[in-house]
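Me: I'd like to learn how to read a protein model, one feature at a time. Could you walk me through this one?

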Amino acid sequence: MAKFQGKALLPSKFVLSHILPALFQDIRTWSMLPRQLRKYLPSRDPNFDLPIGQISLRVNEICNLRCSSCGQWGENGHLRLKLNRGEKLNQLDFDVVKRIVFETRRDNPFYYIWGGEPTMWKPLLPFFQELAKYNLKGSLVTNAQDLDRILEDLIDTGSLSVLFLSLDGWDSQSQNVMRSPANGKVSNNFEKTIAVMEKADEIKRKKNLVFPMIVPITVISNHNYSHLADIHRLVLDKAQLHPYYYGWFITEERAKLHEKVFEERFGYPPQNHRGYLKSCFNDVDPAQTAKQIEEIHKMSKGRVCYPQFFPDIESEAQIRRYYSDHSWHCGYPRCESIYYACEISPDGRMTPCRDYQDYTVGNINNQPFYDVWNSEAFKTFRIQMKKGLMPVCTRCCGLQGF
């Protein structure tokens, strides 16, 4: 994976094999180009109003799994703590979401849908039907919990461009270790995920569709670093792109430093960042991981599914540095997503960052979208980020994975 002005690019072979043919097969996909190209424009003046390129909707907080790599429901996850305190778990109001879709349609934004587990949000299918009214596109990030029953209807809307499926295991048992069920019982999540991948592939073939792109996501952890090639082997002929994430996590040292820097910049201490204090990445072997990556590239030659690594580091030395040196930004010295993307939480709060959601710029439940997106609070955040990254930013998907 290459970079352009500090921003991640899709693998060139994936673009040539899948994206360019899609543009010629479905003319409606041309509408996606302007917003994607906006990502690669030079940094803008943080004082100016901006068009919106991507709206990330975390539609709910409830989830059927307790994944060790999760900043929400992992060992120190902020939603785990919230539930322990007896507080109510939130979900986005569909009427509010419809209003946002209508208000922002002129900018033709791309929608990134996640949770919690978004298939447990009842308006999921109506939401994609709403996007279709305005020829808007979106992606869905899911563990496939309740997806099978609406999968074909979702695809038929024509608005689902990317189907992201969580796949951390190479068989049922290993998936259960890393993505354990919330009820503590044995789960069939691995079988569900593979079945949904196969069904989506079958629907696309039957209807001669290029979308949605089927994209399994694998988080590299203590449990699977020696089986990364085994996981890739499962998806070689069913998916189009297979991103591997080294994992978004922080250390106690960086957490304390972040608290100091954040309070200096914004006047109050952060809280949710401690959900990214995780032990599931402590024992990843860089040498073995690099060997697995080499094997993955070899087996991908001539196949329809291309691997991708976030951040784009593949050598043993780079991987070792990723886990040991949290001051290293891996070649991403600036946060660019704050100029084209926003995060909306289940309670309606808009925040600039998907991972570290301690800075709120407004609430779409009672404010028009652009009043929040171009608010003084958001501009203040952009101005402050001109000073440089904050300590936790070096391990953030908003920095390295957009």
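Me: Let's start with the sheet: how many strands form it, and in what order?

Reply: First, the terms: helices (H or I, at least four residues) and strands (E, at least two) are DSSP runs, numbered from the N terminus, and two strands pair if DSSP finds at least two bridges between them. In this predicted model, 10 strands form an open sheet with mixed pairing, in the order E11-E10-E9-E7-E6-E5-E3-E12-E13-E14. Strand E11 (306-310) and strand E14 (362-363) stand at the edges with a single partner strand each, so one side of each has no neighbour in the sheet.

Me: Before we go on, what should I know about the numbering and the values?

Reply: Residues are numbered from 1 along each chain as its sequence is written, and side-chain values use heavy atoms, with hydrogens and water left out. Since the model is predicted, local features need pLDDT of at least 70 and side-chain atom pairs count only at pLDDT 80 or more, while totals for chains, interfaces and linings use all residues.

Me: In which sense do strands E5 and E6 pair?

Reply: Strand E5 (residues 110-114) and strand E6 (residues 138-142) pair in the parallel sense, over 3 bridges. To see one of the partners, go to Tyr111: its bridge partner in E6 is Gly138.

Me: Which strands does helix H11 lie across?

Reply: Helix H11 (residues 286-300) lies across strand E10 (241-245) and E11. For angles, axes are lines fitted to C-alpha atoms, for helices over the stretch in contact (heavy atoms within 4.5 Å), and angles run from 0 to 180 degrees between N-to-C directions. Here H11 runs at about 155° to E11.

Me: Zooming out, how many helices and strands does the chain have?

Reply: The chain has 15 helices and 14 strands. Its radius of gyration (taken over C-alpha atoms) is 20 Å, close to the 21 Å that the globule rule gives for 402 residues, so the chain is as compact as a globular protein of that length. That rule is 2.2 Å times the number of residues to the power 0.38. Along its principal axes, the C-alpha trace spans about 50 × 50 × 45 Å. As for contacts between residues at least 6 apart in sequence, 74% join residues at least 24 apart.

Me: What share of the residues is buried?

Reply: Buried means under 20% relative accessible area, exposed over 50%, and partly exposed in between (1.4 Å probe, protein chains only). Buried residues make up 59% of the 402 residues here.

Me: Which residues touch the most other members of the largest nonpolar core?

Reply: The general idea is that in soluble globular proteins, nonpolar side chains tend to be buried together. A nonpolar core is a set of buried Ala, Val, Leu, Ile, Met, Phe, Trp, Tyr and Cys residues joined through side-chain atoms within 4.5 Å. The largest one has 115 residues, and Leu57, Tyr111, Phe127, Met350 and Phe369 touch the most other members. Helix H8 (residues 189-207) gives this core its largest share, 6 residues. There's also a second, separate core of 5 residues, including Cys63, Leu65, Trp73 and Leu79.

Me: Is Thr157 buried or exposed?

Reply: Thr157 counts as buried because its relative accessibility is 14%. You'll find Thr157 in the loop between helix H6 (151-156) and strand E7 (160-166). Beyond neighbours within four places in sequence, Thr157 is in contact with Leu125, Phe128, Gln129 and Ala132.

Me: And where is Gln367 found?

Reply: Gln367 is in the loop between E14 and helix H13 (369-373). With 28% relative accessibility, Gln367 counts as partly exposed. Leaving aside neighbours within four places in sequence, Gln367 is in contact with Arg99, Gly362 and Val372.

Me: What about phi of Asn135 and Ala144?

Reply: Asn135 has a positive phi of about 55° although it is not a glycine; Asn135 is partly exposed, with a relative accessible area of 29%. Phi of Ala144 is near 75°, also positive in a non-glycine residue, and Ala144 is buried at 2%.
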